[in-house]
Amino acid sequence: MAEGEMVPLLPLPSGYEYEFISAVLEDFHCLICHLPLREPVLTRCGHRYCKGCLDEAIRRQEIPECPTDRERLDLEKDIFPDKATERSILSCCVKCPSEGCEWTGETRYVETHLKICAYKIVTCPNSNCDMKVERMLVDDHMNTL
């Protein structure tokens with residue numbers, strides 16, 4: 001990148017935006033997005049971030065450094081997957097993000113649930129229609145086309 005050239009700003013990836021039923025420790029929230037950590041990483045200096053949040057923050061820097069204390073980071077040696085924290089967060093209970101659905105379960109199972117959730121908003125499967133409806137209403141919608 002040429003000197004003085006602006007790094008294009010992209011939206012920061014973020015942690016889990018689900019409604020948690022069980023409490024998530026403050027230490028398990030990303031220091032960038034402030035949400036429960038998604039793919040948590042730990043820096044040598046002891047700070048936790050979502051992998052995507054830290055990757056994007058570092059991408060915007062000329063010299064990689066910790067966003068919290070500005071300590072220089074060697075990308076190969078100073079950033080570690082935090083599997084213990086990830087297991088803790090994935091074990092926390094959350095509500096389904098689909099409006100009207102009463103499913104609750106561990107964070108690790110949300111994506112599996114959403115594949116079958118009757119309340120999830122989906123696009124009509126008819127290629128001539130781009131309407132979005134709840135999964136349970138797709139058949140009725142298709143019959144009205």
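Modeller: A caution on the record first: UniProt annotations may be inferred rather than shown by experiment, and their positions follow the numbering used here. The model itself is predicted. An unreviewed UniProt entry gives the annotation "domain: RING-type" to residues 30-70.

Colleague: What is the chain like over residues 30-70?

Modeller: Over that stretch the chain is 22% helix and 17% strand, and the end C-alpha atoms lie 16 Å apart.

Colleague: Why is histidine 47 called buried?

Modeller: Buried means under 20% relative accessible area. Histidine 47 has 16%, so it is buried. Histidine 47 sits in the loop between β1 (40-43) and β2 (48-50). Leaving aside neighbours within four places in sequence, histidine 47 is in contact with Leu31, Val41, Leu42, Cys66, Thr68 and Asp69.

Colleague: How do you know that β1 and β2 pair?

Modeller: Two strands pair if DSSP finds at least two bridges between them. β1 and β2 have three bridges, in the antiparallel sense. Valine 41 has tyrosine 49 as its bridge partner in β2. The hairpin has four residues between the strands, and glycine 46 takes a positive phi near 90° there.

Colleague: Which strand do three further bridges join to β1?

Modeller: Strand β3 (residues 79-81), which runs antiparallel to β1, is joined to β1 by three bridges. At least two are needed for a pair, so β1 and β3 pair. In β3, the bridge partner of valine 41 is proline 81.

Colleague: What makes the contact between threonine 85 and arginine 48 a polar contact?

Modeller: The cut-off for a pair of N or O atoms is within 3.5 Å. The side chains of threonine 85 and arginine 48 are joined at 3.2 Å, and the contact counts as polar. Threonine 85 lies in helix α2. Beyond neighbours within four places in sequence, threonine 85 is in contact with Phe28, Leu37, Pro40 and Arg48.

Colleague: Which residues have the most contacts inside the largest nonpolar core?

Modeller: Phe20, Cys30 and Tyr49 do, in a core of 27 residues. The elements giving two or more residues to this core are β2, α1 (51-59), α2 (83-91) and α3 (110-114). The largest share, four residues, comes from α1. Neighbours within four places in sequence aside, cysteine 30 is in contact with Leu35, Leu37, Arg48, Tyr49, Cys50 and Cys53.

Conventions
Residues numbered from 1 in each chain as written. Predicted model: local features only at pLDDT ≥ 70, side-chain atom pairs only at ≥ 80, totals over all residues. Heavy atoms only, no water. Buried < 20%, exposed > 50% of the residue type's maximum accessible area, 1.4 Å probe, protein only. Contact = heavy atoms within 4.5 Å. Core = buried A, V, L, I, M, F, W, Y, C linked by side-chain atoms within 4.5 Å. Polar contact = N/O pair within 3.5 Å; in protein donor to acceptor, adjacent residues only side chain to side chain.
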